[in-house]
Amino acid sequence: MTALDGARERRVRTGGVELCVAELGDPRQPTVVLVHGYPDSKEVWSEVAVRLAERFHVVLYDVRGHGRSTAPSPLRGGFTLRKLTDDFLAVADAVSPGRPVHLVGHDWGSVQSWEFVTVGRTEGRIASFTSMSGPSLDHFGHWINERLRRPTPRRVGQFLGQGAKSWYVYLLHTPVLPELAWRGPLGRHWPRILERVERVPRGDYPTASLPTDAAHGAWLYRDNVRARLRHPRADAYAHAPVQLITPLGDPYLSERLYDGLEAWAPRLTRRTLPAGHWVPRTRPDRLAGWITEFVTAVENGSPAAAASGKYADRFGGQLVLVTGAGNGIGRSTALAFAEAGARVVAVDRDAEAAARTAELSRLIGASAAWAETVDVSDETAMEALAARVAAEYGVVDVLVNNAGIGLSGSFFDTTPEDWRKVLDVNLWGVIHGCRLFGRQMAERGQGGHIVNTASAAAFQPSRALPAYGTSKAAVLMLSECLRAELAGQGIGVTAICPGLVNTRITTTAHFTGVDPDEEKRLRRRTARLYGMRNYPPEKVADAVLEAVVRNRAVVPVTPEARGARLMSRLAPGVLRRLARVKPPL
């Protein structure tokens, strides 16, 4: 059974061809039209379509010459942008008469959709356009001309870089060879190539019509690319709000290709995600979420993205869970993701503090935020939390295992109970989070990121922190091991290693081997020292978001942490001698 089983199907005649059109969802809801690319058929959208159909009337059609749509005769001249625009208007009139549709395109579906949204005869028929992995040929032509007319080393590098990425376009312009390749070995091995190179899961895609689709689709390039790049339109302005989704790992299109797009699409919302080219198959949840958010905003009359944070294009709408979110680094991290438009789950053992973080998250830009109360060291409670989050909010996109406690004192003054407490929270809490939420990410198969808060103490030994340093060193090594294991599944893992940060952990830390009055004095003194250092947790939060965006492995934060990390690699003996110094407490 495929995701399109049960879809309502109709045939639409236009321009000498018959298009196969499939519909899902309630026709009374806003209509979303999905246009596929090359060498695909409408089934490339099946995983996205079934998710969108819960909220919208979803329409997919096989582009002429693809899937179950008939091909023009002759093929030459049968795939021009004008004829493709005729096809779109025929489909839109059939499925949504008198009401504009929301357009979504991928690859060549996006290329032709740029034509639809910039020509005058479609004005009023398109409510919004979401583009991914396919530029406007007009915009591309102007992009090339600008770099040739006013060359600089940077612009020349961009031009040559995109030229190298476009190698396949040159091959598709050669006569006969593409058809022979697709009807021969390339067509047979294409599903395996996608699975290995792009990690595209098997399913109802690609369909058995792939060799014929790809052979016919070569005329998309031959009929349009050279002519339009040589003579790009000067009036190619979008007459509807546009959402641009850019996969950062796209091997065929440079991110720089969209520089200056705001001039052509003034009502532009940008999104980025760490993925390859075939995102409708590898990231259907993320795409469905962004499309839903954008279409809903346009329908409500507010197409601009609400989030304004530095990484709003990356985290908008994503689900982020932060443990230890009631204060300090955890709260600051939750708020930083909220400012970037993420949906935030604030987890803390203090219910009131977690609720306050969730409230603040909503106030500063989170599209949604919830508070959850749990002790991360409690395996059963964490299992219940993971099940509840998945059922009520979805699979987490970014997990931040931040909850931790402080413990200071000599090794022989540290009791087994002390060891159990610090390891239960600092290490087992991280293990529980990685095991439960990380498994959900892996089973979903659409990537994600795990951030584990370690410490500079993970690589800087201290006679005063044997238990704490051990727990954090274990978190660092766990993160490195998980990073290696999960890399093949598109899940990044980062260990954040702060130094002295001004948070409440200093007021709750436990000091071994002293009486209660002395412990209170040491806490006050430590809090004053950290306060004098006054490194704010907001800077650690900024480092967390940047680490996720850049998929960094180990991130020391604060100058002393960076220095200790460097010395641990270049001069470990110096750190060992410093470890012998008794802290001035």
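Which residues in helix 2 meet which residues in helix 3? A few notes on this, and on two other spots, in what is a predicted model.

1. Helix 2 with helix 3. From helix 2, Leu81, Leu84, Thr85 and Phe88 do the touching; their partners in helix 3 are Trp108, Gln112, Glu115 and Phe116. Sorted by type, the residues of this contact come out as 5 nonpolar, 2 polar and 1 charged.

2. How those two are arranged. Helix 2 covers residues 81-95 and helix 3 covers residues 108-118; their axes come within 9 Å and cross at roughly 85 degrees. Angles of 65 to 115 degrees count as roughly perpendicular, so that is what helix 2 is to helix 3.

3. Helix 13 with helix 20. Here we have residues 328-339 against residues 537-550, with axes that come within 8 Å and cross at roughly 50 degrees. The pair is therefore oblique, and the crossing is right-handed.

4. Who meets whom there. Helix 13 brings Gly328, Ile329, Ser332, Thr333, Ala336 and Phe337, and these meet Pro537, Glu538, Val540, Ala541, Val544 and Leu545 of helix 20.

5. Helix 16, worth a look on its own. It runs over residues 416-444, and at 1.5 Å a residue its 29 residues should span 42 Å; the end C-alpha atoms sit 39 Å apart, which agrees. Along the way, helix 16 bends by about 40 degrees at Asp424.

6. What comes after helix 16. The helix is followed by Gly445, and the phi of Gly445 is positive, near 75 degrees.

How values were computed
Residues are numbered from 1 along each chain as its sequence is written. This is a predicted model: local features need pLDDT of at least 70, side-chain atom pairs count only at pLDDT 80 or more; totals for chains, interfaces and linings use all residues. Side-chain values use heavy atoms; hydrogens and water are left out. Axes are lines fitted to C-alpha atoms, for helices over the stretch in contact, and angles run from 0 to 180 degrees between N-to-C directions. Helices (H or I, at least four residues) and strands (E, at least two) are DSSP runs, numbered from the N terminus. Angles under 35 degrees count as roughly parallel, over 145 as roughly antiparallel, 65 to 115 as roughly perpendicular and the rest as oblique. A crossing is left-handed if the near helix is turned anticlockwise from the far one by less than a right angle, and right-handed if clockwise. Contact means heavy atoms within 4.5 Å. The expected span of a helix is 1.5 Å times one less than its number of residues. The bend at a residue is the angle between axes fitted to the seven residues ending there and the seven starting there. Ala, Val, Leu, Ile, Met, Phe, Trp, Tyr, Cys and Pro count as nonpolar, Asp, Glu, Lys and Arg as charged, and the others, Gly among them, as polar.
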